[in-house]
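Visitor: Hi, could you walk me through this one? I'd like to hear about the helix packing and the core.

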Amino acid sequence: MISGRAFISWILVACLSAACTLQATKPPAISMPASFEQASPSGQAAWPGRDWYRGFGSPTLDGLIEQASANNFDLSAARSRIAQADARARQAHAAILPSVDAAGNANYLAGHSANGTAHETDWAALLSASYEVDFWGKNRATADSARLLSVAARADHDTVALTALAGVANGYFQVLSLRERLAIAHSNVDAARSLMAIIEARFNVGLSNPVEVATQKAALASAELTIPELEQTHVEALAALALLVGRQPEGFTVEGSPLESLTEPAVAPGLPSELLQRRPDVYTAEANLKSASADLVAARAALYPSLSLTASGGGQNPALNAAILSLSGVGPTVNLGASLTQPIFDGGKLRAQRAESQAKQEELVAKYRAAIMAGLVDAENALSAIRHLDAARTFQQENLVQSERAFEGAQLRYKEGNGDFVTVIEAQRILYAAREQFSQYRLARLQALVSLCKALGGGWQAPEGAAQPQAAGLQHF
């Protein structure tokens, strides 16, 4: 027959020998393309820095970014989530260490019978400690999971910050573009009024007809209609920008130079594999995946025996109060104990928890791969947009120059009686469209550069000493 001491020793040896089998799995390796398809083949890598927004050369934008960094509501919420995650990590880490408590109690006992009266006071002042021996790494895995969630919360904060700051830049450029479009709209109205004066002068001397007058009045009204629409859009854009920087829309305004005065920062990607180290959302997905892997280790460990050790000591009266032997009087006391627990039947609860953790890990593997794919797609889309905008630059400028020249010539010929009205109206329509298109083009270039800076991580890099995502291995996502 095996003695109790031998049985416990056998359990300890079995636990120690099997503990190494419960290990967290690593994130899957991901195959990456050798280069970005839409990147310029001749350019060198110029990853954006943390202050990428300064490359646009706008002090006003720099000030708005600083306001957003301090006051943006989403960023404030993200900072609070970091504090929550840190607190949960400290709670989980506490389970690895012994717990120590102080306790005191007193009982007054009194009784009376035919044999007399008796009374006594029993009391104790004790320090007690308990410790769960973490053979299977359950507590360590739980602490690792909470720590990794804290890491994920920090990376998520950086993702929110990058999104917010990019939103501020885009919102600021949108405001400037709307102001430019308003100036164009007023210029179009002035041009339409000038042509209206020419038509009316010709009509007064019998060189024009009522149809030409009515047509130009309709064109003038159409040009004037765009102004209140643009003004409303400008108000909405300012309000959206105010929200991003944590300000009330009432009284909020921004100063700014024309879009053409802004500079374009030089930004170019390196290797796609480097992108994994520069995207905070990829790092968040990886940390969440590692946390789920640690949760799976803890769920597996819960199926195995657990050993808890307890100890207490202090002074009490009576010094020993036991079922077999009691020592009356005040004296020191020591209690030592150990308990070994093995789940036998719980209705499948622990195995269901393990299955849930396994499914959670598989879900986060898919999200990890999706985050990498999203990063590649964002980068390719931004690079493609810049590439095609570069190709269209000359045509946009030529379209504007020739449209202005055509309208001036048609208007002059019509004024002198050498041109027809239809040509003037068509030249006017083409000029209005060209001005609007060129303004939108300038905005699109700036926003494409913001998108590229954001897609390339906005200067973010994985913390020092952090394990980098593996960029090889799997052939298919």
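Predicted model: local features only at pLDDT ≥ 70, side-chain atom pairs only at ≥ 80, totals over all residues.

Visitor: Which residues touch the most other members of the largest nonpolar core?

Guide: Those are Trp 52, Leu 61 and Phe 173, in a core of 84 residues.

Visitor: And which helices each supply at least two residues of this core?

Guide: Helix 2 (59–71), helix 4, helix 5, helix 7 (280–301), helix 8 (349–415) and helix 9 (421–455). Helix 4 gives the most, with 19 residues.

Visitor: Let's zoom in on Leu 61. What is it in contact with, leaving aside neighbours within four places in sequence?

Guide: Leu 61 is in contact with Tyr 53 and Phe 56, and also with Val 168, Ala 169, Tyr 172 and Phe 173.

Visitor: At what angle do the axes of helix 2 and helix 4 cross?

Guide: Roughly 140°, and the axes come within 10 Å. Angles over 145 degrees would count as roughly antiparallel, so helix 2 and helix 4 are oblique to each other. Their crossing is right-handed.

Visitor: Now helix 4 and helix 5. What's the angle there?

Guide: The axes of helix 4 (residues 138–204) and helix 5 (residues 210–244) cross at roughly 165° and come within 8 Å. That makes helix 4 roughly antiparallel to helix 5.

Visitor: Is the crossing of helix 4 and helix 5 left-handed or right-handed?

Guide: Left-handed. The residues where helix 4 contacts helix 5 divide into 22 nonpolar, eight polar and eight charged.

Visitor: Changing topic: where is Glu 274 found?

Guide: Glu 274 is in helix 6, which covers residues 272–275.

Visitor: Does Glu 274 count as buried, partly exposed or exposed, and why?

Guide: Glu 274 counts as partly exposed, because its relative accessibility is 28%. For reference, buried means under 20% and exposed over 50%.

Visitor: Last one. How many residues apart in sequence are Glu 274 and Trp 47, and what about in space?

Guide: In sequence, Glu 274 and Trp 47 are 227 residues apart, while in space they are 10.0 Å apart, C-alpha to C-alpha.

Methods
Residues numbered from 1 in each chain as written. Heavy atoms only, no water. Axes fitted to C-alpha atoms, helices over the stretch in contact; angles between N-to-C directions. Helix = DSSP H or I, 4+ residues; strand = E, 2+ residues; numbered from the N terminus. Parallel < 35°, antiparallel > 145°, perpendicular 65-115°, else oblique. Left-handed = near helix turned anticlockwise from the far one by under 90°. Nonpolar A, V, L, I, M, F, W, Y, C, P; charged D, E, K, R; others polar. Core = buried A, V, L, I, M, F, W, Y, C linked by side-chain atoms within 4.5 Å. Buried < 20%, exposed > 50% of the residue type's maximum accessible area, 1.4 Å probe, protein only. Contact = heavy atoms within 4.5 Å.
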